[in-house]
Amino acid sequence: RPPSTTDVGRRVPLARGGCGIGIAAGWWARVGMVTQGVALSAAVLEAGGTENFAIFSSRERVPGLPGGYEAVVSPHRHEVANKLVWFPSVERASGLQAILYPYWPPPPRRRPGAPPAAFFVHDLAFRLRPDEVPWQQRAYLGTVLPPALRNSASVLVPSLSTGADLLASYPYPGLADRVHPVGEGPTPLPAPGALPAGVEPGFILAVGTLEARKNYDRPAGAL
């Protein structure tokens, strides 16, 4: 069937009994957040069947996802409005079995009857290296991450190292049983692009922060 969009006023996705993926503001291409959240969501949709999922997004359908899922669209653009106002109401009304948050944590205050939530903690730079992270992100994650860790059914991390950092930073009782490393991610790596003219193979281009889980020493030693 063609992809449909649930009316925001009804707040109930047609995929009752299925699972939800809460992307919200995490796909904005203009702020460079599209890659991870959308890639993880696309992999889940392809693995589980699009007809079994509802995608929660802000103001429009998310580009780059396979069709056939139920789209539940928020009237809000901003992440904070979605997490504090919109998500708590649509979660409870959804009738879904579970909701995955592939980029940001779930709402800090979830209503009774909301389905179990799982979410990714991609890194803890805001906590371990705060000077490298904008104050807005430090404030936001510092507010929403602690209650998410206490209340979510599952916490997914990209490596054992990130999991260890998480448990050291937030030594909550029982959290270790709900933290699950999933490797570098369930999505395949894209095909390599062509090198610019005049650049020869034999180097490593690393973009991002230096973290133990990235293990730069090993590929550098192999050159």
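**Reading burial, contacts and charge pairs**

Author: Start with one residue, bearing in mind that this is a predicted model. Leu-167 counts as partly exposed, because its relative accessibility is 29% and that class lies between 20% and 50%. The residue belongs to helix α5 (residues 160-169).

Reader: Which residues does Leu-167 touch, leaving out those up to four places away in sequence?

Author: Leu-175, Ala-176 and Val-179. Take Val-179 as the example: Leu-167 and Val-179 are 12 residues apart in sequence, and their C-alpha atoms are 8.6 Å apart in space.

Reader: And what does Leu-166 touch, on the same terms?

Author: With residues up to four places away again left out, Leu-166 touches Val-121, Leu-124, Leu-149, Val-155, Val-157 and Val-179.

Reader: How should I read a group of nonpolar residues?

Author: The general idea is that in soluble globular proteins nonpolar side chains tend to be buried together. Here the largest nonpolar core has 30 residues, and Phe-56, Leu-149, Leu-166 and Tyr-170 are the ones that touch the most other members. Two or more residues come from each of β3 (53-58), α2, β5, β6, α3 (125-128), α4 (135-151) and β7 (154-157).

Reader: Which element gives the most to this core?

Author: Helix α4 does, with six residues. Another core, of 11 residues, lies apart from the largest one; Ile-21, Ala-42, Ile-55 and Val-73 are among its members.

Reader: What about charged side chains?

Author: Side chains of opposite charge can pair when their charged atoms come close. A search of the whole structure finds two salt bridges.

Reader: Where in the chain do Arg-110 and Glu-91 sit?

Author: These two side chains form a salt bridge, at 3.0 Å from N to O. The pair links distant parts of the chain: Arg-110 is in the loop between β5 (98-101) and β6 (117-120), while Glu-91 is in helix α2 (residues 79-93), 19 residues apart.

Reader: Is Glu-91 buried or exposed?

Author: Glu-91 is buried, because its relative accessible area is 0%.

Reader: How does the salt bridge of Arg-129 read?

Author: Arg-129 pairs with Glu-132, and the closest N and O atoms are 3.2 Å apart. Arg-129 is partly exposed, with a relative accessible area of 21%. Glu-132 also counts as partly exposed, at 48% relative accessibility.

Definitions and conventions
Residues numbered from 1 in each chain as written. Predicted model: local features only at pLDDT ≥ 70, side-chain atom pairs only at ≥ 80, totals over all residues. Heavy atoms only, no water. Salt bridge = Lys/Arg side-chain N within 4 Å of Asp/Glu carboxyl O. Helix = DSSP H or I, 4+ residues; strand = E, 2+ residues; numbered from the N terminus. Buried < 20%, exposed > 50% of the residue type's maximum accessible area, 1.4 Å probe, protein only. Core = buried A, V, L, I, M, F, W, Y, C linked by side-chain atoms within 4.5 Å. Contact = heavy atoms within 4.5 Å.
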